[in-house]
Amino acid sequence: MYFCMLFGMFASVKAVATDSVTIVLRNHLFIPAQVEVPAGKKVRLIIDNQDDTAEEFDSFDLNREKVLFPKRKSVIYIGPLSVGEYRFFGEFSPNTAQGVVIAKESSDAAQ
Amino acid sequence: MLLNSVIISINQFLPLALLWVLLHHSDFGQSGEKLPFLQTLITCALACAVFLGFADTISQWFDYKGLEMLKILFLLGIYGSVIAVFCSARRVYKQIAIVLASVMYLSHFVMYVSSYWQLDTKQGIMIGTILGLGICLSFCTLLFFTLSWFKAHGATAIVLALLSAHSASKVANAIDLAAQIDILPSSETVFDLRFWLDEYGITGRLLKALLGYEATPSYANLVAFTSALMIAAVVIIWRMRLDEQKVVKGGEHGL
């Protein structure tokens, strides 16, 4: 009952998802490594892992963590974000798989 | 690869080891039953193997939201099991919590090893894992004896408070996962403590694993953590009073 109340409390103010951005993971690199999104809006990140190995999308700044299975697509919702930079990385290949989400005012964001 | 293996093994083994230590010390008085090590270990290994066999397929269900949905259930299951431990201290609830946590965390580690285990990397992975396990073991040993000291000096409440905070962080984590797949909306960040202590450093990681520390918690995350903590506190107080009443009744019968 507690869990239903908890989920119901926040689900009642659920907003509609808007933009989608696709990121490809190839040779342990996020392409593009820099993603610009509109501030104040929810964004759907589609991550296409084209490598033969699993990876874990991790971001302390965005509070997101997801296993990316090889040759599979994954979806993560982020935002609405305040203007600023939010780092993300691949936990299994942190030296190469790095990226940043840049939240800009809507008119400045080029997706 | 070596350093990466150290970090990943710490990240994945530490939450499980911490939960085990906290549950070991969670008994009220002498009522608790200890976890059978080998039996729990075998159950964890079997559960991980089954999960890994289907995780790839499950991740594609419900518009790529399947894995998060399952993990939300696991996290809430861990919290529920800890609450059940507070209520009855039965061994089965401790085992459920440990098995669910092992599926959550160990499966990630197995995925990492199976993906990167090659001739030129296996030495780095092996040494890194041993080092990571050593660090986990050292920290958990320190925690184990610290908690034993607290219990010996009548400060069981501190042990239970730690376990409550640890389990409440699972609920907060479940809320973040729900926001990640758009079941719940992402709420705004309440405060930003990254200038003081971020989660990239060792202290931040330890606090995150032990108490669910978040440098930038969302409103939903904070509400979930606080409410889960309050429920755990209410259950602990109720159980302590129940035990006190039993002791009083026992004393009266003795007279």
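In the predicted model, Leu211(B) is partly exposed, with a relative accessible area of 29%. The residue belongs to helix H8 of chain B, which covers residues 202-211. Leaving aside residues up to four places away in sequence, Leu211(B) touches Leu162(B), Ala165(B), Ser169(B) and Phe225(B). Between Leu211(B) and Gln118(B) the separation is 93 residues in sequence and 36 Å in space, taken from C-alpha to C-alpha. The buried residues of H8(B) are Gly204(B), Arg205(B), Ala209(B) and Leu210(B). These buried residues pack against three helices of chain B, namely H1 (2-24), H6 and H7 (156-180). After H8(B) comes Gly212(B), which has a positive phi near 75°.

Helix H6 of chain B, spanning residues 122-152, also contributes to a nonpolar patch, to which it gives the most, with three residues. Trp117(B) is located in the loop that runs between helix H5 (91-116) and H6 of chain B. With a relative accessibility of 40%, Trp117(B) counts as partly exposed, because that class lies between the limits of 20% for buried and 50% for exposed.

Helix H5 of chain B also contains Ser107(B). The relative accessibility of Ser107(B) is 0%, so this serine counts as buried. Its contacts, when residues up to four places away in sequence are not counted, are with Cys48(B), Phe51(B), Leu52(B) and Ser102(B).

Cysteine pairing was examined next. A search of the whole structure returns zero disulfides over all chains. For Cys44(B), the closest cysteine sulfur is that of Cys48(B), at 6.7 Å, which is too far for a bond, since a disulfide requires sulfur atoms within 2.5 Å. For Cys136(B), the closest cysteine sulfur belongs to Cys140(B) and is 6.2 Å away, again too far for a bond. Cys44(B) counts as buried at 5% relative accessibility, and Cys136(B) is likewise buried, with a relative accessible area of 5%.

Chain A comprises one helix and nine strands. Along the sequence, these elements follow the pattern α-β-β-β-β-β-β-β-β-β. Of the 111 residues in chain A, 54% are buried. Contacts in chain A between residues at least 6 apart in sequence include 58% that join residues at least 24 apart.

Aromatic contacts were then considered. A pair of aromatic rings is described by the distance of the centres and the angle of the planes. Over all chains, a search of the whole structure finds 13 aromatic pairs. In one of these, the rings of Phe30(A) and Phe57(A) have centres 6.1 Å apart and planes at 75°, so the arrangement is edge-to-face. Phe30(A) is part of strand E2 (residues 29-31) of chain A, whereas Phe57(A) is part of strand E5 (residues 55-59) of chain A, and the pair therefore ties together parts that are 27 residues apart in sequence. Both Phe30(A) and Phe57(A) are buried.

Another pair is formed by Phe92(A) and Tyr112(B), whose ring centres are 5.1 Å apart and whose planes meet at 50°, so this pair is tilted. Phe92(A) is in the loop between strand E8 (84-90) and strand E9 (98-104) of chain A, and Tyr112(B) is in helix H5 of chain B, so the pair joins two chains. Phe92(A) is buried, with a relative accessible area of 1%. Tyr112(B) is buried as well, with a relative accessible area of 0%. Within chain A, Phe30(A) and Phe57(A) form one aromatic cluster together with Phe88(A).

Terms used: Residues are numbered from 1 along each chain as its sequence is written. Chains are lettered from A and ligands numbered from 1 in the order in which they are written. This is a predicted model: local features need pLDDT of at least 70, side-chain atom pairs count only at pLDDT 80 or more; totals for chains, interfaces and linings use all residues. Side-chain values use heavy atoms; hydrogens and water are left out. Helices (H or I, at least four residues) and strands (E, at least two) are DSSP runs, numbered from the N terminus. Buried means under 20% relative accessible area, exposed over 50%, partly exposed in between (1.4 Å probe, protein chains only). Rings of Phe, Tyr and Trp (its six-membered ring) pair if their centres lie within 6.5 Å; planes under 30 degrees apart count as stacked, over 60 as edge-to-face and the rest as tilted. Contact means heavy atoms within 4.5 Å.
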